[in-house]
Amino acid sequence: MWFRTSAIIINITCYLKSFTTKRLINLVKLFGGYFFSRIVRKPVWITYPFALSIEPSGFCQLQCPECPTGAAVLSREKGHMNLELFNKIIYEIKDYTFYLNLYFQGEPLLHPQIDEIISMAAKNRFYTTLSTNAQLIDKSMSRKIVASGLSRIIISLDGFSQEVYERYRRGGKVDKVKNAILRLIEAKKKAKSPLPLVVVQSLAFTHNKHEIPSIKEWCKAAGVDKLEIKTAQINEFGDGSVKPDPQKSRYKNSSNPANSIPGTPYNHCWRQWSNPVITWNGQMVPCCYDKDAKYSLGNISNKTFNEIWQKNESKQFKHTILSFRNNIEMCRNCPEGRQWFFN
């Protein structure tokens, strides 16, 4: 990992601007309810999550083999979230939630009104993060992103050469990614804006590890705010064409990673209290590991956020987490909840 010192200050300032008294009180109550739930082994939560992930689009133009969207294994429908639904969600959570992830399984920049979505969130003082493959960031898009008020943009760059990059990002062009990064940095300079923070993220595979030093040097020279080397998630539906780098793997056995995450899967998970996900068509799911909305808690299109968050389905799922977490299939490939004190 590498980062610019100035980025830390900018990031802290951005977080502080998103805090309000109600949001801070909500966060304290959230922590209290989570730890109390672990003690009594019953779900207790009287507050809103501090973070929320929203899926602007369920579509993606790439075919990444370990992504359920790219591998075409998702059974749920694809589409774009309409602005009315997004505005409804924002209105209902704005007093308590302060962190917003604008991505899930699709490529968010495929949404034709993504800049309006970001602007809605920014006007309500959310810290907003968007993750993208950057294939669509031309000069016009870069200007829109900077003007929208986005706090942070994560750009996937999983190789420095086209040959290595396309091993995982199938259908993508590495030069488009590099140009997108340069355009965003240039757009920030012209607008005299420190935001969004430009974060480059590289998944750690065996086939791209030799190019990580080149990516790091290029990011420094380009003016990137931060470079993250992220462990790769390997799934049973994957075709075996990519392998995690053993030195930066989340698995004990990188040759056969399925269900081999180190650590004890304790009966707790902070994400179940802190960060649910809403799909493009309004389905609320427990976390980002429920890719296919198998454990849907309800649809916010016809109910309020709080009605779903406090209803029996949500309570029952949290109860299962506190009692029999390892019985939930999606939890077995998740690194969360493997430390006794927290996480």
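**Aromatic contacts in the predicted model**

At 1% relative accessibility, Phe305 is classed as buried. The structure described here is a predicted model. Across the whole structure, a search finds 15 aromatic pairs.

**Phe305 and Tyr48**
- A pair of aromatic rings is described by the distance of the centres and the angle of the planes.
- Tyr48 and Phe305 form a stacked pair, with 5.7 Å from centre to centre and 10 degrees between the planes.
- Tyr48 belongs to the loop between helix H2 (21-40) and strand S2 (51-54), while Phe305 belongs to helix H10 (residues 305-309), so the pair ties together parts that are 257 residues apart in sequence.
- Tyr48 has a relative accessible area of 15% and is therefore buried, since the cut-off for this class is under 20%.

**Phe305 and Trp309**
- The ring centres of Phe305 and Trp309 are 6.1 Å apart and their planes stand at 35 degrees, so this pair is tilted.
- Helix H10 holds both Phe305 and Trp309, which are four residues apart, about one turn of the helix.
- Both Phe305 and Trp309 are buried.

**Aromatic cluster**
- One aromatic cluster is formed by Phe19, Phe31, Tyr34, Phe35, Phe50, Phe98, Trp270 and Trp273.

**Lysines over aromatic rings**
- Lys178 places its charged end over the ring of Phe160, 3.6 Å from the centre of that ring.
- Over the face of Trp45 lies Lys318, at 4.7 Å from the ring centre.

Key:
Residues are numbered from 1 along each chain as its sequence is written. This is a predicted model: local features need pLDDT of at least 70, side-chain atom pairs count only at pLDDT 80 or more; totals for chains, interfaces and linings use all residues. Side-chain values use heavy atoms; hydrogens and water are left out. Rings of Phe, Tyr and Trp (its six-membered ring) pair if their centres lie within 6.5 Å; planes under 30 degrees apart count as stacked, over 60 as edge-to-face and the rest as tilted. Helices (H or I, at least four residues) and strands (E, at least two) are DSSP runs, numbered from the N terminus. Buried means under 20% relative accessible area, exposed over 50%, partly exposed in between (1.4 Å probe, protein chains only). A charge sits over a ring if NZ of Lys or CZ of Arg is within 6 Å of the ring centre and within 35 degrees of the ring normal.
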